[in-house]
Amino acid sequence: GERIKAVPGVAGVTFANWFGGIYQDPKNFFAQMAIDGPSYFKLYPELLLPAGQREAWLADRTGAIVGKTTADRFHWKVGDRIPIQATFYRRKDGSRIWEFVVDGIYTATKKGMDTSGFFFHYDYLKEASANLQDRVGWYIIKIADPKSAPQIAERIDSLFANSPAETKTSTEQAFAQGFANQIGDIGAITTAIVTAVFFTILLVAGNTMAQSVRERTSELAVLKTLGFTNGQVLRLVLAESILLAGLAGGLGLALAWTAVTLGGDPTHQFLPIFFIPPRDLGVGAGLVLFLGLVTGVVPAVQAMRLRIVDALRRV
C-alpha cells in the first residue's frame, strides 16, 4: 500500500478484503468486505452515513455498516447483532461464527449506486482470524488525472512484476464487468433475447397492419373518391401504424418502469443495478417510433398506389 501511494499520479489509496460468509442460508447472498473505514470513505464520498453512526462504527471494533438495500431485505436496524458463518476465515478459537453489531445504515448520493454491501473493520478480521496472514484482497486507487490511468496502472504493475504478489491494475468499471462476466455475459444474453422479441413483434405488427389495410380497401377507395390525395392516404396509414405502436409501446414502457421501480431488483444488486434511466426510456420511445414506421410503410405505399376502380371492383 505504501509503495502504491508513492507512485506519481496516485491521489489516494484504500483497500478491501472479501469475506464471503453466509447469513442463515447460502441463498441469502450479499457482499461482505473488511475495509479500512477512514480511507475507504474518503475515496467513496458518494456513500452517505449519518455522522453519529459513522463515529459509532469507527469506535466499535466489532461494528459493521450495511447498505439500505440489504438492511431492508432482512429488516435489520441499528443495534442489531448479526451472526455470519465464515466459509474461509476461521477465528483463532476455532469457531466459524463471526458476530457483528450494525452501527449504521448507509445510502448513496445518486441512483444506481450499490447499497447492498456489508462493511466491517479489517483490523477486527486481522486480529481475530486464524488464517488471514496480514493480506488484503485488493487496493482501490484514486488518481489525479483519469486520462493517465493506463500509464499509472502500468507503473503500479511494474513495481510488483516477478514478485510473490504480482498485481493486475484496471479501472473500477472493468473490474466490476469482469466480476459480472463470471456468471456470463449478461449484456449479450439480454441483447439477444430482446432482439428476438423485437423481430417477432415486427412481424406480427406488420402482418396486422397489412391485414387492416386489405380489409378496408373500399374505405380507402371512398376517401380517394372524396378527394384525398395519394400523399394524404399514405400519411393516414402511417399515422395509424405509429399510433398503434405508440399506444402499445408506451404501455409496455410504463409497465416496465413501474415493475422495476416498485418491484425493485430481484437479484438484490448482485447483478448490474436494476433501474431504467431516462436515456433508456428515450431509446425505447425511439424503437417504438421505428416499429410503427417499418410496419406501416409497406401497407401505406400499397394504399397510396391503390386505384379507385380496382378497389371498388374487389368489393
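**Aromatic pairs**

Start with the rings: this predicted model holds 25 aromatic pairs. Select Tyr23 and Phe30. Their ring centres lie 6.4 Å apart and their planes meet at 65°, so the pair is edge-to-face. Tyr23 and Phe30 are both buried.

Next, select Phe100 and Phe120. Here the ring centres are 4.6 Å apart with the planes at 45°, so this pair counts as tilted. The pair ties together distant parts of the chain. Phe100 sits in strand 6 (residues 97-108), Phe120 in strand 7 (residues 118-121), and 20 residues separate them. Phe100 is buried, at 0% relative accessibility. Phe120 is buried too, with a relative accessible area of 0%.

Now widen the selection to the cluster. Ring pairs join Phe19, Tyr23, Phe30, Phe74, Trp76, Phe88, Tyr89, Trp98, Phe100, Phe118, Phe120 and Tyr124. Arg91 lies over the face of Trp98, at 4.9 Å from the ring centre.

**The nonpolar cores**

In soluble globular proteins, nonpolar side chains tend to be buried together. The largest nonpolar core in this model has 24 residues. Select those with the most contacts inside this core: Phe19, Trp76, Trp98, Phe100, Phe118, Phe120 and Leu125. Colour the elements that each supply at least two of its residues: strand 4 (63-67), helix 4 (68-74), strand 5 (81-85), strand 6, strand 7 and helix 5 (122-128). Helix 5 gives the largest share, four residues.

Return to Phe120 and show its surroundings. Leaving aside residues up to four places away in sequence, Phe120 touches Phe19, Met33, Ala34, Ile35, Trp57, Gly63, Ala64, Phe100 and Leu125.

Another core, of 15 residues, lies apart from the largest one. To find this other core, select Tyr40, Trp57, Tyr106 and Ile140, which are among its members.

Most residues other than glycine have a negative phi, and most peptide bonds are trans. Two residues to check against that:

- Gln24 is not a glycine, yet its phi is positive, about 65°. Look for Gln24 in the loop between strand 1 (10-18) and strand 2 (32-35). Gln24 counts as exposed, at 67% relative accessibility.
- His75 is not a glycine either, and its phi is positive, about 60°. Look for His75 in the loop between helix 4 and strand 5. His75 counts as exposed, at 69% relative accessibility.

**Helix 10**

Move along to helix 10 (residues 230-263) and select Ala256. Ala256 is partly exposed, with a relative accessible area of 32%.

**The whole chain**

Zoom out and show the cartoon. The protein chain has 12 helices and eight strands. Its radius of gyration is 30 Å, well over the 20 Å that the globule rule gives for 315 residues, so the chain is more spread out than a compact globule. Turn the view to the principal axes: the C-alpha atoms fill a box of roughly 95 × 45 × 35 Å.

Of the 315 residues, 33% count as buried. Among contacts between residues at least 6 apart in sequence, 73% join residues at least 24 apart. Finish with the surface on. The accessible surface of the protein chain comes to about 18,800 Å², and 61% of that belongs to carbon and sulfur atoms.

Definitions and conventions. Residues are numbered from 1 along each chain as its sequence is written. This is a predicted model: local features need pLDDT of at least 70, side-chain atom pairs count only at pLDDT 80 or more; totals for chains, interfaces and linings use all residues. Side-chain values use heavy atoms; hydrogens and water are left out. Rings of Phe, Tyr and Trp (its six-membered ring) pair if their centres lie within 6.5 Å; planes under 30 degrees apart count as stacked, over 60 as edge-to-face and the rest as tilted. Buried means under 20% relative accessible area, exposed over 50%, partly exposed in between (1.4 Å probe, protein chains only). A charge sits over a ring if NZ of Lys or CZ of Arg is within 6 Å of the ring centre and within 35 degrees of the ring normal. A nonpolar core is a set of buried Ala, Val, Leu, Ile, Met, Phe, Trp, Tyr and Cys residues joined through side-chain atoms within 4.5 Å. Contact means heavy atoms within 4.5 Å. The radius of gyration is taken over C-alpha atoms; the globule rule is 2.2 Å times the number of residues to the power 0.38. Accessible areas come from the Shrake-Rupley method with a 1.4 Å probe; for residues, only the protein chains shown count as cover.
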